[in-house]
Amino acid sequence: MSELSLEGHLHRRCGGHYTLAVEEVTIRLSGMSARVDRAMFKCDKCGDRQHTVEQREEAEREAILTMRSAHSLLTGKEIRHFRESFGLTTTHFGELLHGLPKGIVEGWEKGRYLQSPTVDAMIRTLADREERERRAIRASLTLPPLPGEIPVAVAGLSADAHADEAVVGGAEPQSVDSSVYG
Ligand SMILES: [Zn+2]
């Protein structure tokens, strides 16, 4: 009965028994494909093949790893570090990406789902603070201060050091900041 193993189980139709085997399969996701080894149970008499849920999921994870590497997409760990460096929850990160549910973001980070190249490029644009702020406004979201950052309401009142950065950073950062954070 176990989903985990059919090892030695009787195949009633032919009287054979299932044993663990490996097959090479092509898995396609988001317009990409990868050849991976997938474990399965094969009847030693008639050759019937059965896969457990775990075997399917493991092969998909392997395919996602391969595709991310082949197409230079962000890994799950990189997406998580990226998100955390902006102090964003998975919910808020998804909201900045056209309102994707947090389950999708979690799936990317755990290597269960694959982001398309288009979405991967969109994720990378979030490295730009102004882009994050534009997307936050569209999503009616208030961005948290970056980890270790002085809250803008306080920094705006004092710190000349921040004024220097603001000039380098470009157009009217203080007015943008106050509209986002205020
Ligand atoms: Zn059989």
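Strands E1 and E2 pair in the antiparallel sense, over two bridges. This is a predicted model. His-11 sits opposite Gly-16 of E2. The two strands make a hairpin, with four residues between them. In that turn, Gly-15 has a positive phi of about 85°.

E2 and E3 run antiparallel and are joined by twelve bridges.

## The whole sheet

E3 covers residues 32-43 and pairs with E4 over two bridges, again in the antiparallel sense. Phe-41 has Gln-50 in E4 as its bridge partner.

Together the four strands form an open sheet in the order E1-E2-E3-E4, with antiparallel pairing. Strands E1 (10-11) and E4 (49-50) stand at the edges. Each has a single partner strand, so one side of each lacks a neighbour in the sheet.

## A helix on the sheet

Helix H1 spans residues 53-70 and packs on the sheet. H1 touches strands E2 (16-29) and E3. The direction of H1 makes about 155° with that of E3.

## Arg-129 in helix H6

Arg-129 belongs to helix H6, residues 129-138.

Phe-86 is 43 residues away from Arg-129 along the chain. Their C-alpha atoms are separated by 9.1 Å.

Note on methods
Residues numbered from 1 in each chain as written. Predicted model: local features only at pLDDT ≥ 70, side-chain atom pairs only at ≥ 80, totals over all residues. Pairing = 2+ DSSP bridges. Contact = placed C-beta atoms within 7 Å. Axes fitted to C-alpha atoms, helices over the stretch in contact; angles between N-to-C directions.
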